[in-house]
Amino acid sequence: MLPAASPILSLLRHATQPYHAALEQNEFNRQLLAGTVSAAATEHFLGKLYTFLRPYEAALDQQFFSADWEIEARHRAHLIAQDLPGVGALPDCPRMPPLRTRAQVLGAMYVLEGSTLGGQLISRQLAKAGSTLRTYFTGYGEQTGSRWKRFCLLLAAEAEEEPPQAEIVGSAILTFQHLHAWIEQP
């Protein structure tokens with residue numbers, strides 16, 4: 001089955017669309033689209049992402065995943081620290097979505113793995129703006145598309161075997177909502 005034809009992926013795409021669209025309306029993205037993105041806005045956005053990713057990645061590590069999932073390679077907070085060395089001193093996001101169950105983690109993974117695709121576009125726009133703060137946004141480089149497809153296949157297979165689909169979708173929605181609220185904080 002192709003990932004696009006998977007019931008869980010169709011559910012996720014449809015159910016999260018308004019939350020995805022709302023998240024994309026943040027100040028950083030507005031500046032980026034207008035061609036007026038500043039270093040300060042980029043640093044703020046990256047700092048928020050880093051402090052969201054750190055607890056997310058800790059929750060990811062609490063679940064057992066087979067080697068097929070490439071969990072270590074899917075850790076990306078350290079990429080932000082390469083561009084912003086002082087980011088490690090920032091406090092973690094205090095209101096994370098629940099990430100206690102495997103289904104909750106899979107829902108969050110859908111959001112954060114999917115962000116690697118949009119990150120490619122952001123990286124190109126930052127390059128046009130002359131910004132060097134692009135390491136995180138490059139995703140997995142040339143492997144971004146294939147890693148996303150692999151994730152989709154693994155998610156689809158797991159959701160068929162064990163049907164916590166409502167919990168996965170609910171977690172993806174909450175992840176978009178919590179990330180959006182956190183990014184909007186000063």
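I began with charge: the protein chain carries 15 positive and 18 negative side chains, and the centres of the two sets lie 5 Å apart. A reminder to myself before going on: this is a predicted model.

**Overall fold.** I looked up the secondary structure next and found seven helices and zero strands in the protein chain. Read along the sequence, the pattern is α-α-α-α-α-α-α. I then checked the radius of gyration: the chain has 16 Å, close to the 16 Å that the globule rule gives for 186 residues, so the chain is as compact as a globular protein of that length. Along its principal axes, the C-alpha trace spans about 45 × 30 × 30 Å.

**Burial, contacts and surface.** I noted that buried residues make up 48% of the 186 residues. For contacts between residues at least 6 apart in sequence, I found that 81% join residues at least 24 apart. The accessible surface comes to about 9300 Å², and 57% of that belongs to carbon and sulfur atoms.

**Helix α6.** How far apart should the ends of this helix be? With 18 residues (144–161) at 1.5 Å a residue, α6 should span 26 Å, and its end C-alpha atoms are 26 Å apart, which agrees. I listed its buried residues, among them Trp 148, Phe 151, Leu 154 and Leu 155. Arg 147 and Glu 158 are also on the buried list, and I marked both for a second look on screen. The cover over the buried residues of α6 includes α1 (7–23), α5 (102–128) and α7 (165–184).

I picked Thr 42, which is found in helix α3. Is Thr 42 buried or exposed? Its relative accessibility is 1%, so Thr 42 counts as buried, the cut-off for buried being under 20%. Which residues does Thr 42 touch, not counting those up to four places away in sequence? I found Phe 28, Val 37, Leu 126 and Leu 133.

Conventions. Residues are numbered from 1 along each chain as its sequence is written. This is a predicted model: local features need pLDDT of at least 70, side-chain atom pairs count only at pLDDT 80 or more; totals for chains, interfaces and linings use all residues. Side-chain values use heavy atoms; hydrogens and water are left out. Helices (H or I, at least four residues) and strands (E, at least two) are DSSP runs, numbered from the N terminus. The radius of gyration is taken over C-alpha atoms; the globule rule is 2.2 Å times the number of residues to the power 0.38. Buried means under 20% relative accessible area, exposed over 50%, partly exposed in between (1.4 Å probe, protein chains only). Contact means heavy atoms within 4.5 Å. Accessible areas come from the Shrake-Rupley method with a 1.4 Å probe; for residues, only the protein chains shown count as cover. Lys and Arg count as positive and Asp and Glu as negative; His and the chain ends are not counted. The place of a charge is taken as NZ of Lys, CZ of Arg, CG of Asp or CD of Glu. The expected span of a helix is 1.5 Å times one less than its number of residues.
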